[in-house]
Amino acid sequence: KINNNTASDRGGAIAMGNNFQYPTIVTMYDGAEICNNYSAQTGGGVMVSVGTFTMKGGTISNNLAKMMGGGVYVRGGSFIMEGGCIVENITAEYGGGIAYEAGDYNNGIPCVTLNGGTITGNGAGVEVNGSEGKTTKLNMYGGAISNNTGTGVRLTQYCTFTMSGGTISNNKGGVSTGSGEFTMSGGEISGNTATSNGGGVNIGNGGTFTMNAGAKITQNTAG
């Protein structure tokens, strides 16, 4: 258990190393806990600069970041979720569950892959931001993003989201593309409710959305 810690900078519980020559590898298994930690900047629970954090099980919960990424903040390297739960994390800005962006750390371009597990009860599910020449990527093959008080997945700019499996349900809006690219070839977006536009998918100015056979969007509401 890594609980009840405070960071004056980033990564309330874990801050992964900055050395590109010797990337850090962290694996989290069933029974592990990262809970009730605080960061004065980003990554209330975990901050990934370089390397790979793989979550196979366990719980990241009730962490708080003053800026971005209540549960997990990725600014370079990879975060892979195969199991476990990211639950009830909050932030003062964006990305209650997971937040990541390019341009914040050297030339690292972060990538998040969701193969399983659950992201639920956070301020927002996953929030993605890239920068010109550095396109961030979110790949969802399985798992669930559900019952978050913000949007399930929110893209801003210079980012892509590919969904081929899993579910996005019962959030305050399913997916918001911003000016990013969203391709849906499988999985389901259902039961989401937005206060204004696009209960299932809200396509922003300059955004693109491609939906292929096998994907399902159902029983979402807006307004």
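1. A strand here is a DSSP run of type E with at least two residues, numbered from the N terminus, and two strands pair if DSSP finds at least two bridges between them. The model is predicted, so to speak of local features a pLDDT of at least 70 is needed, and side-chain atom pairs count only at pLDDT 80 or more, while totals for chains, interfaces and linings use all residues. Residues are numbered from 1 along each chain as its sequence is written, and side-chain values use heavy atoms, with hydrogens and water left out.

2. An open sheet of 9 strands has the order S1-S5-S9-S13-S17-S20-S23-S26-S30, with parallel pairing. Strand S1 (2-3) and strand S30 (216-218) are at its edges; each has a single partner strand, so one side of each lacks a neighbour in the sheet. At the S30 end, strand S26 (residues 188-190) runs parallel to S30 and is joined to it by 3 bridges. In this pair, Ile189 stands opposite Ile217.

3. Another open sheet is built from 4 strands in the order S2-S6-S10-S14, and its pairing is also parallel. Its edges are strand S2 (6-7) and strand S14 (90-91), each with a single partner strand, so one side of each is left without a neighbour in the sheet. Strand S10 (residues 64-65) pairs with S14 in the parallel sense over 2 bridges, and Ala65 stands opposite Thr91 in S14.

4. Most residues other than glycine have a negative phi. Asn36, however, has a positive phi near 60° and lies in the loop between strand S5 (33-35) and strand S6 (38-39). Asn147 has a positive phi of about 55°, and lies in the loop between strand S20 (144-146) and strand S21 (153-155).

5. Asn36 is partly exposed at 41%, and Asn147 is partly exposed at 45%.

6. A nonpolar core is a set of buried Ala, Val, Leu, Ile, Met, Phe, Trp, Tyr and Cys residues joined through side-chain atoms within 4.5 Å. The largest one has 36 residues, and Phe53, Phe79, Ile98 and Phe161 have the most contacts inside it. Strand S22 (residues 159-163) gives the most to this core, with 3 residues. A second, separate core of 5 residues includes Met47, Tyr73, Tyr94 and Ala99.

7. Which residues does Phe79 touch? Leaving out residues up to four places away in sequence, its contacts (heavy atoms within 4.5 Å) include Phe53, Met55, Val72, Ile98 and Cys111.

Terms used:
Buried < 20%, exposed > 50% of the residue type's maximum accessible area, 1.4 Å probe, protein only.
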